[in-house]
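Q: Can you walk me through this model? I'd like to go topic by topic.

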Amino acid sequence: MATGADPIDLKLYHDLKDVLQKSSSTSSKAPPKPGAFTLFNFPEAPKNPYDLVYDGIYLGGASVARKPDVLKSLGVTHVVNAAHGSKYNQIDTSPEYYQEADITFHGIPALDIMTYKILPHLRPPAEFMQKARQNGGVLYVHCQQGVSRSATVILAYLMLHQDYQLLDAVRTLREKREIFPNDGFLKQLCVLDKELKKS
């Protein structure tokens, strides 16, 4: 398996950045809230709390993830928490949290920092998502804002199980939601893209 130290395709990386940094014509970059702490700035904040980004897959933030009744109204049967934990900027939900709503849970303890090694955590949720969709399930994939960690998980799923190349996967999601995986995650997705092309 390739490591994060392997050279990445710089053209692909810059093409990805170009796609992600294009703002939609109907909105502008949201100003940061006074006193807000962000690990990185993204060009455009999501307009919606969640969006249907692929057949049977919603991508969104923590506010909706904490409302099992809203998830049920959307037909959600499975949740992927890409920010699972109790540290800063994580969401401490669990299988028990969704038990009454009969929603199946999968958690990834990712931190939204460029040095976090998310690549080893991408295949298990992708398999979880594939099984859910094969059984007619509907997924809600989230992190804090539905921009970086959760988008990275869905991009990996599209690459691993839907035969997307990374650039096409990014374009597909970006058409549906304002996503912006951090630079470290983008580079690790480039590594995954390289691995899949080799195989």
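Q: Are Cys143 and Cys190 buried or exposed?
A: Cys143 is buried, at 3% relative accessible area. Cys190 is buried too, with a value of 3%. Buried means under 20% relative accessible area, exposed means over 50%, and partly exposed lies in between (1.4 Å probe, protein chains only).

Q: Where do these coordinates come from, and what are the ground rules?
A: This is a predicted model; local features need pLDDT of at least 70, side-chain atom pairs count only at pLDDT 80 or more, and totals for chains, interfaces and linings use all residues. Residues are numbered from 1 along each chain as its sequence is written, and side-chain values use heavy atoms, with hydrogens and water left out.

Q: Fine. How many helices and strands are in the protein chain?
A: Seven helices and five strands. Both are DSSP runs, numbered from the N terminus: helices are H or I with at least four residues, strands are E with at least two. Along the sequence the pattern reads α-β-β-α-α-β-β-α-β-α-α-α.

Q: And what share of the residues is buried?
A: Buried residues account for 50% of the 199 in the protein chain.

Q: What about sequence separation in the contacts?
A: Take contacts between residues at least 6 apart in sequence: 75% of them join residues at least 24 apart. Contact means heavy atoms within 4.5 Å.

Q: Switching to helix packing. At what angle do H5 and H6 pack?
A: About 130°, with the axes 9 Å apart. H5 covers residues 149–161 and H6 covers residues 166–176. That angle makes H5 oblique to H6.

Q: How are the axes defined?
A: They are lines fitted to C-alpha atoms, for helices over the stretch in contact. Angles run from 0 to 180 degrees between N-to-C directions.

Q: Which residues make the H5 and H6 contact?
A: From H5, Ala151, Ile154, Leu155, Leu158 and Met159. From H6, Leu166, Ala169, Val170 and Leu173. By class that is nine nonpolar, no polar and no charged residues. Ala, Val, Leu, Ile, Met, Phe, Trp, Tyr, Cys and Pro count as nonpolar, Asp, Glu, Lys and Arg as charged, and the others, Gly among them, as polar.

Q: Zoom in on Val170. Is Val170 buried or exposed?
A: Buried, at 0% relative accessible area. Its C-alpha atom is separated by 6.7 Å from that of Leu155, 15 residues apart along the chain. Leaving out residues up to four places away in sequence, Val170 touches Leu16, Val19, Leu20, Leu155 and Ile179.

Q: Now H4 and H5. What angle there?
A: About 70°, with the axes 9 Å apart. H4 is residues 123–134. The two helices are therefore roughly perpendicular.

Q: Which residues does H4 bring to the contact?
A: Arg123, Pro125, Ala126, Glu127, Met129, Gln130 and Arg133. H5 brings Val153, Ile154, Tyr157, Leu160 and His161. The classes here are seven nonpolar, two polar and three charged.

Q: Last one. Where is His142 found?
A: In strand E5, residues 139–142. At 0% relative accessibility, His142 is buried. Beyond its neighbours within four places in sequence, His142 has contacts that include Gly60, Val79, Asn81, Tyr98 and Ser150.

Definitions and conventions:
Parallel < 35°, antiparallel > 145°, perpendicular 65-115°, else oblique.
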